[in-house]
2 protein chains.
Amino acid sequence: MVNTKYEGFETPGVTVDLVLFTVNESRLKVMLVKRVEEPFRSDWSLPGGFIELGESLDAAAQRVLVEKVGVSDVYMEQLYTFGKPKRDPRSRVITVAYIALIPWQSLPQPASEKIIDLTWSPVDHLPKLAFDHKEIVNYAVKRLRAKVSYSNIVYGLMPKQFRLSELQSMYECIIDDKLDKRNFRKRMLATGLLKETGKKDTAGAHRPAMLYQFKSKEIVFL
Amino acid sequence: MVNTKYEGFETPGVTVDLVLFTVNESRLKVMLVKRVEEPFRSDWSLPGGFIELGESLDAAAQRVLVEKVGVSDVYMEQLYTFGKPKRDPRSRVITVAYIALIPWQSLPQPASEKIIDLTWSPVDHLPKLAFDHKEIVNYAVKRLRAKVSYSNIVYGLMPKQFRLSELQSMYECIIDDKLDKRNFRKRMLATGLLKETGKKDTAGAHRPAMLYQFKSKEIVFL
DNA sequence: TATACTAAGTGTATGGTGAACACTAAGTAT
DNA sequence: ATACTTAGTGTTCACCATACACTTAGTATA
């Protein structure tokens, strides 16, 4: 904090931007929206919005999530604050970036007229992005990949019940590497964070798999 | 980013606040400055300041460091952004908090007339702090303690050359726990980040110790 | 209804890493 | 010369991560 009063200073704008992750078709993807205004008109960008005065940063991120994606109650955490002076060519804008995770199954089907200005892009084949959004996405991917290895953060991408093989391929999509099945199962069950549901998944022409779920929604560091 | 223009919105103030760590008298300490104005007049607070329009967040943090502490070229990283609506009772202020590390030996001696409004407080015996600064400090301590265990971030607190026993007690002060001498030395030397200087520290009535230094100033994750 | 197909599910051996643990070495002070 | 202080050094053991291949239980189809 500082002793100086703020009146008389020209003040920067403050936004939140969301890096919303999902996994679909075995790819880690982020949500992008098409800009309809200059600058960067018709480029892709992260969903975001200016914070409102009575609203905390977390609340602003939640609001943007509801407004732009139509979901709530997903895992979200603050990522980093980006504030280079020229990141928005119009005026000084500082953005507090958030990561959010959403299971593909939980996504609402977008209305058909809106689908054109919303896309899910694989993180390793991003299109040109507006502002410094590519930098933000890359930073977010780095954080997510790191966090996957020392926490159970993937729960945020899983449906309520799932096969262990689905959990494994979720890990594999995120870290972009293969894992050993037996070791993976041992490690996961050893955490004590999973419980059998008793139900079996009988889909597919093969032996049915036990369905599991997380005991708790809390994120835990291993 | 968002499509809406920002003109016409009442905008929040944006500051940077510094959690500046050092270790002295075997205690992990943070720098605090006494407030001279309302609100929280004569309470302790973190050094900070409003960002200027042409200035990046990192640059603002550097500037505050130079202005308030009189040092530069120290390890610094962005910590987190705090933005609860009522954290400043006067008006909406969002603060981007930074961590900085400085070896005690590198601190300039404060001019005697200023010393009264600057103090170094052990992190586990903080006085009452202005705004939400206690929350910020606690978050910073958590981050520092975690990071110490998986990186060589302590280099930021060490003088150029040091005995391994000094390095060990630096770790011990930060994590507030004792370490085994032989295991510590093995682990540190195994990182390959240290090199012998060839010099010995002959101070003290005992066997002289080899002086070491870090090969590089880069922070490395182990 | 037998056979092919697919994914589920399971155990062991090995190498590496972290933790516990105590004595000798090399100086200074008295 | 003796006491004192910190520097410096190796080994054992328990645990964990890794590598690795076959049997099981269903469905599909010939």
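Me: Helices (H or I, at least four residues) and strands (E, at least two) are DSSP runs, numbered from the N terminus. Which loop is P39(A) in, then?

Reply: P39(A) sits in the loop between β2 (27-34) and β3 (44-45) of chain A. The model is predicted, with local features needing pLDDT of at least 70 and side-chain atom pairs counting only at pLDDT 80 or more, while totals for chains, interfaces and linings use all residues. Residues are numbered from 1 along each chain as its sequence is written, chains are lettered from A and ligands numbered from 1 in the order in which they are written, and side-chain values use heavy atoms, with hydrogens and water left out.

Me: Is the peptide bond from E38(A) to P39(A) cis or trans?

Reply: Cis, with omega near -5 degrees. In chain B, the bond from E38(B) to P39(B) is cis too, with omega near -5 degrees. P39(B) is placed in the loop between β2 (27-34) and β3 (44-45) of chain B.

Me: How many helices and strands does chain A have?

Reply: Four helices and 10 strands. Starting at the N terminus, the order is β-β-β-β-α-β-β-β-α-β-α-α-β-β.

Me: What size of box do its C-alpha atoms fill?

Reply: Roughly 70 × 45 × 30 Å along the principal axes of chain A.

Me: And which domains is chain A divided into?

Reply: Domain 1 (13-150) and domain 2 (160-214), with bounds from an automatic or database domain assignment. Over C-alpha atoms, the centres of these two domains of chain A are 29 Å apart. Seven residues from domain 1 and six residues from domain 2 make the contact.

Me: What share of chain A is buried?

Reply: Of its 222 residues, 49% are buried. Buried means under 20% relative accessible area, exposed over 50%, and partly exposed in between (1.4 Å probe, protein chains only).

Me: What share of the contacts in chain A with a separation of 6 or more comes from residues 24 or more positions apart?

Reply: Such pairs account for 63% of those contacts.

Me: Where is D73(A)?

Reply: In the loop between α1 (57-69) and β5 (75-82) of chain A. D73(A) has a positive phi of about 60 degrees although it is not a glycine. Its relative accessible area is 63%, so D73(A) is exposed.

Me: What is phi for S26(B)?

Reply: Near 60 degrees, a positive value in a residue other than glycine. S26(B) is in the loop between β1 (13-24) and β2 of chain B, and at 56% relative accessibility S26(B) counts as exposed.

Me: Is K29(B) buried or exposed?

Reply: Buried, at 7% relative accessibility. K29(B) belongs to strand β2 of chain B. Not counting residues up to four places away in sequence, K29(B) touches several others, among them F21(B), W120(B) and S121(B).

Me: And L129(B), buried or exposed?

Reply: L129(B) is also buried, at 6% relative accessibility. L129(B) lies in the loop between β7 (118-122) and α2 (133-150) of chain B. Leaving out residues up to four places away in sequence, L129(B) touches L32(B), W44(B), S45(B), K134(B) and V137(B). L129(B) and L46(B) are 83 residues apart in sequence and 8.2 Å apart in space, C-alpha to C-alpha.

Notes:
Contact = heavy atoms within 4.5 Å.
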